[in-house]
Amino acid sequence: MDSRTVFDLFASTPLFFAPQNTFDDQAKKLLEKLPRLNASDLTALGHKDNNCSVCFVPFLAIISEEETALAMESPAHPIEELGVTRLSEKWQCGHVFCRKDLVKWIREHNDSCPMCRKSILDPDVKETPGGVRVYGGTPELANLYRNMGINNVTIIPNDARGPEERPAASTSSMFS
Ligand SMILES: [Zn+2]
Ligand SMILES: [Zn+2]
């Protein structure tokens with residue numbers, strides 16, 4: 001197996017690149033990847049006439065505030081806190097919020113959606129008292145872990161994921 005293949009296998013398992021894989025590590029990655037929605041994204045999602053469910057400001061008003069700020073040389077608020085965003089990762093619920101509220105929510109160590117409480121953290125790699133469980137892993141990946149001397153890793157194939165193996169609404173009670 002060449003190193004490129006090894007890299008590809010590990011690329012889907014952030015565990016070894018981020019040995020801690022703590023809430024802060026995951027939250028940082030989430031914050032970096034939050035999308036920036038524009039008015040046509042909102043229309044496509046059916047949210048054009050909706051308000052942020054946290055601050056009740058209409059999404060379109062938030063987007064015009066963002067556009068005004070982007071046109072200014074020194075906007076009153078940091079750009080990262082402006083505009084509208086969405087919990088859009090494949091494991092997330094897809095709910096839409098103003099970026100300011102969602103960024104604050106995640107920075108305050110909340111690990112679930114403010115609206116529906118579905119987990120916002122990647123459920124594919126999960127630390128449990130009995131070790132680390134990796135969902136959707138292959139037998140090849142299991143062998144790699146063993147070759148590295150890591151034996152407390154359980155690989156759970158996606159098609160073997162029963163109801164009890166599905167990620168719970170919240171991945172952890174530590175932060176709630
Ligand atoms: Zn808001
Ligand atoms: Zn949600």
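A residue is called buried if 20 or more other C-beta atoms lie within 10 Å of its own, exposed if 12 or fewer do, and partly exposed in between, with C-beta atoms placed from the backbone. By this rule, 19% of the 176 residues of the protein count as buried. This is a predicted model, in which local features need pLDDT of at least 70 and side-chain atom pairs count only at pLDDT 80 or more, while totals for chains, interfaces and linings use all residues. Residues are numbered from 1 along each chain as its sequence is written, and chains are lettered from A and ligands numbered from 1 in the order in which they are written.

**Confidence**

- The predictor's confidence in each residue is given as pLDDT, from 0 to 100.
- The protein has a mean pLDDT of 76, and 63% of its residues reach 70 or more.
- Residues 14-19 have a pLDDT below 50, and this stretch has seven contacts in the model beyond near neighbours in sequence.
- Residues 162-176 also have a pLDDT below 50, and this stretch has 23 contacts beyond near neighbours in sequence.
- Two residues are in contact if their C-beta atoms, placed from the backbone, lie within 7 Å.

**Overall fold**

- Helices (H or I, at least four residues) and strands (E, at least two) are DSSP runs, numbered from the N terminus.
- The protein has six helices and five strands, and their pattern along the sequence is α-α-α-α-β-β-α-β-β-α-β.
- Of the contacts between residues at least 6 apart in sequence, 48% join residues at least 24 apart.

**The largest nonpolar core**

- A nonpolar core is a set of buried Ala, Val, Leu, Ile, Met, Phe, Trp, Tyr and Cys residues joined through C-beta atoms within 7 Å.
- The largest such core has 13 residues, of which C52, F59, I62, V84, V96, F97 and C98 touch the most other members.
- At least two residues of this core come from each of helix 4 (59-71), strand 2 (96-98) and helix 5 (99-107).
- Leaving aside residues up to four places away in sequence, V84 touches L37, L42, F59, I62, I63, V96, C98 and R99.
- I62 lies in helix 4 and counts as buried because it has 24 C-beta neighbours inside 10 Å.
- With the same exclusion of residues up to four places away, the contacts of I62 are C52, V57, G83, V84 and C98.

**Helix 4**

- F59, I62, I63 and E66 are the buried residues named in helix 4.
- These residues lie on the same side of helix 4 because they cover an arc of only 100° around the axis, the arc being that of the directions from the helix axis to the C-beta atoms.
- S64, T68 and A71 are exposed on the other side of helix 4.
- Helix 3 (39-45), strand 1 and strand 2 are what the buried residues of helix 4 pack against.

- In helix 5, the buried residues are R99, K100, L102 and I106.
- The cover over these residues includes helix 2 (23-33), strand 1 (84-86) and strand 2.
- Most residues other than glycine have a negative phi.
- H109 is partly exposed because it has 13 other C-beta atoms within 10 Å.
- R117, in the loop between helix 5 and strand 3, has a positive phi near 70° and is a residue other than glycine.
- R117 counts as partly exposed because it has 14 C-beta neighbours inside 10 Å.
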